[in-house]
Amino acid sequence: MIAFRIDEEHDGDHASNGKISRYGNYLRRNEEMFADGWGTSDPVRFAGIAWSIANEPIMTPGYVQPCGRVLGSRVHASGWDGSLTAEVTLATEWPAALARDERAWRGERGFWRSWSAVSYSGTLRGPGEEELTRSPYLLTTSQALFTLDAGGLPPVPAEPGPWAEQAARVAVAALVKKLNAVVGPIIEQLEK
């Protein structure tokens, strides 16, 4: 199961200012986020910043597209030892204890509802304001917290420029692969 994918087609098709990449434009606009990291030996921090820029809310839609169950993700250097740490929030079904007998705990306004799928994209979403006036909702999530091997992350460029953009792309691609290996099987189980 693919939890994350890079959307190169949208990135190229929607680039502005005559550039060939939306992501490249966002990297240039957000160079200050990398300011104290140029030329250091901390590829984990560099990769975490590249990931942040590649995802919502900085890029909307993101250069990295999550599957419908992924509500958010963060990759960063651990404050404890600098290791590559990830956090992924997933939309999940109700726990078995609640799903077993919803009638026992339903509210005065009727049956509780859960996540709804947006048919054209498969993205799970909560209720809109109008929907909430008709039914109560209980939206459950799980948060996966884990470390990743930092192998395969590119060296940190000495300064901003084309090499930095290429290094950010390599870092993001490596993170997509690493995150898919960990989160993909979880999503596959949730989809059964």
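## Helix packing and loop sites in a predicted model

The protein chain has 6 helices and 7 strands. Helices are DSSP runs of H or I with at least four residues, strands are runs of E with at least two, and both are numbered from the N terminus. This is a predicted model, in which local features need pLDDT of at least 70, side-chain atom pairs count only at pLDDT 80 or more, and totals for chains, interfaces and linings use all residues. Residues are numbered from 1 along each chain as its sequence is written, and side-chain values use heavy atoms, with hydrogens and water left out.

### Overall layout

From the N terminus on, the order of elements is β-α-α-α-β-β-β-α-β-β-α-β-α. The protein chain has 192 residues, and 40% of them count as buried. Buried means under 20% relative accessible area, exposed means over 50%, and partly exposed lies in between (1.4 Å probe, protein chains only). Contact means heavy atoms within 4.5 Å. Among contacts in the protein chain with a separation of 6 or more, 65% come from residues 24 or more positions apart.

### Helix 2

Helix 2 covers residues 22-29, and helix 3 covers residues 43-54. The buried residues are R22, Y23, G24, N25, Y26 and L27. Their cover includes helix 1 (8-13), helix 3 and helix 6 (162-191).

At the start of helix 2, S21 contributes a side-chain oxygen, which reaches to within 3.2 Å of the backbone nitrogen of Y23.

### Two helix pairs

Helix 3 takes part in both pairs below. Axes are lines fitted to C-alpha atoms, for helices over the stretch in contact, and angles run from 0 to 180 degrees between N-to-C directions.

| Pair | Axes come within | Crossing angle |
|---|---|---|
| Helix 2 and helix 3 | 10 Å | roughly 120 degrees |
| Helix 3 and helix 6 | 9 Å | roughly 85 degrees |

Angles under 35 degrees count as roughly parallel, over 145 as roughly antiparallel, 65 to 115 as roughly perpendicular and the rest as oblique. Helix 2 and helix 3 are therefore oblique to each other. Their crossing is right-handed. A crossing is right-handed if the near helix is turned clockwise from the far one by less than a right angle, and left-handed if anticlockwise.

Which residues make the contact between helix 2 and helix 3? Helix 2 brings Y23, Y26 and L27, and these meet A50, I53 and A54 in helix 3. By class, this contact of helix 2 with helix 3 has 6 nonpolar, no polar and no charged residues. Ala, Val, Leu, Ile, Met, Phe, Trp, Tyr, Cys and Pro count as nonpolar, Asp, Glu, Lys and Arg as charged, and the others, Gly among them, as polar.

Helix 3 and helix 6 are roughly perpendicular to each other. Helix 3 supplies F46, A47, A50, W51 and A54 to their contact, and helix 6 supplies A164, A167, A168, A171, V172, L175, V176 and L179. The class count for helix 3 with helix 6 is 13 nonpolar, no polar and no charged residues. An α-helix has 3.6 residues a turn, so residues three or four places apart point the same way.

### Two cis prolines

The loop between helix 3 and strand 2 holds P57 and also P61. The peptide bond from E56 to P57 is cis, with omega near 10 degrees. The bond from T60 to P61 is cis as well, with omega near -5 degrees.

H10 sits in helix 1. Is H10 buried, partly exposed or exposed? H10 is partly exposed, with a relative accessible area of 23%. Leaving aside neighbours within four places in sequence, H10 is in contact with R22 and P61. H10 and G62 are 52 residues apart along the chain, yet their C-alpha atoms are separated by 9.4 Å.

### Other loop sites

R69 lies in the loop between strand 2 (64-66) and strand 3 (70-77). At 7% relative accessibility, R69 counts as buried. Not counting residues up to four places away in sequence, R69 touches T89, L90, A91, T92, E93, L124, I187, L190 and E191.

S135 is in the loop between helix 5 (129-134) and strand 7 (140-148). S135 has 9% relative accessibility and counts as buried. Its side chain makes a polar contact with the side chain of R113 (3.0 Å). A polar contact is a pair of N or O atoms within 3.5 Å; within protein, one must be able to donate a hydrogen and the other to accept it, and residues adjacent in sequence count only if both atoms are side-chain atoms.

A35, in the loop between helix 2 and helix 3, counts as exposed at 52% relative accessibility. A35 and E159 are 124 residues apart in sequence and 8.9 Å apart in space, C-alpha to C-alpha.
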